[in-house]
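Have the model open as you read.

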Amino acid sequence: MTDALPQIALAVLAAVFAITWHEAAHGYAALWLGDDTAQRLGRVSLNPLRHVDRVGTVLLPGALLLVQLLTIGRVVVLFGWAKPVPVQAWRFPNPRRGMMLVAAAGPAANFLMAWGAGLLLHGLPLLPEDWIEGAGTLLVFLILANLVLGLFNLLPIPPLDGGRIVVGLLPERAARAWARLERAGILAVLLGVFVLPRLLAEVGIAFDPVGQALDRGIPWAMELIYWLSFNDA
């Protein structure tokens, strides 16, 4: 476990960067569209402390990390969330379209950061030799963390960003019905995406559509980032 601590520290750092960039992007998008609520509350910021949720950012991920390391010696599942960025949609010229754009800004920012981290891999040979391995590992973790966060948030389930994007695209009546799913909140996502598939697996039922989709999507997205970063054509 001690040997894994540097890797864990770099993975946590990459996750912090990805989450902070994601949440700040929501605030910047809302401000650009005419709502300064997040700015007035200090949430249009790249300071990670501005976005920390005591339960979702610290207690739950920390407990999951510690339990898995102490029991199975590796991290299989890690889940958490940041403090939601406050948005007052009525201040947008078109509230539904505005909320859709604010929601889309988070994953878009993650994909942009993943690409930026891929481009920075070109600079590794310029670093001192004893820095190259750590910097390279951090950049790879940055790519992975941003892709996982961006793709996961595109799932069309409220309160994830993908769910809010769907609300902006559906006809008004269907959008209202879909938006009502958000009342179940993050608990429904946690139970449906993480807990239920593992409980079913214990009784021999393979049902994990989200996990299977991410298992296919993340390697493809990693290859795309590397292609965009290193393609000289």
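## Ground rules

This is a predicted model, so to speak of local features pLDDT must be at least 70, and side-chain atom pairs count only at pLDDT 80 or more, while totals for chains, interfaces and linings use all residues. Residues are numbered from 1 along each chain as its sequence is written, and side-chain values use heavy atoms, with hydrogens and water left out.

## How α4 meets α9

Take helix α4 (residues 95-120) and helix α9 (residues 209-230): their axes come within 8 Å and cross at roughly 55°. Helices here are DSSP runs (H or I, at least four residues), numbered from the N terminus, and axes are lines fitted to C-alpha atoms over the stretch in contact, with angles running from 0 to 180 degrees between N-to-C directions.

On the α4 side, F111, A114, W115, G118 and L119 meet I225, L228, S229 and F230 of α9; contact means heavy atoms within 4.5 Å. These contact residues split into 7 nonpolar, 2 polar and no charged, with Gly counted as polar.

## The nonpolar cores

The largest nonpolar core has 24 residues, and L139, I143, L147, F152 and V193 touch the most other members. A core joins buried nonpolar residues (under 20% relative accessible area) through side-chain atoms within 4.5 Å. α5 (129-153) is among the helices supplying at least two residues, and α5 gives the most, with 7.

Beyond its neighbours within four places in sequence, L139 is in contact with A117, L120, L121 and L124. A second, separate core of 8 residues includes A29, A30, L33 and A105.

Note on methods
Buried < 20%, exposed > 50% of the residue type's maximum accessible area, 1.4 Å probe, protein only.
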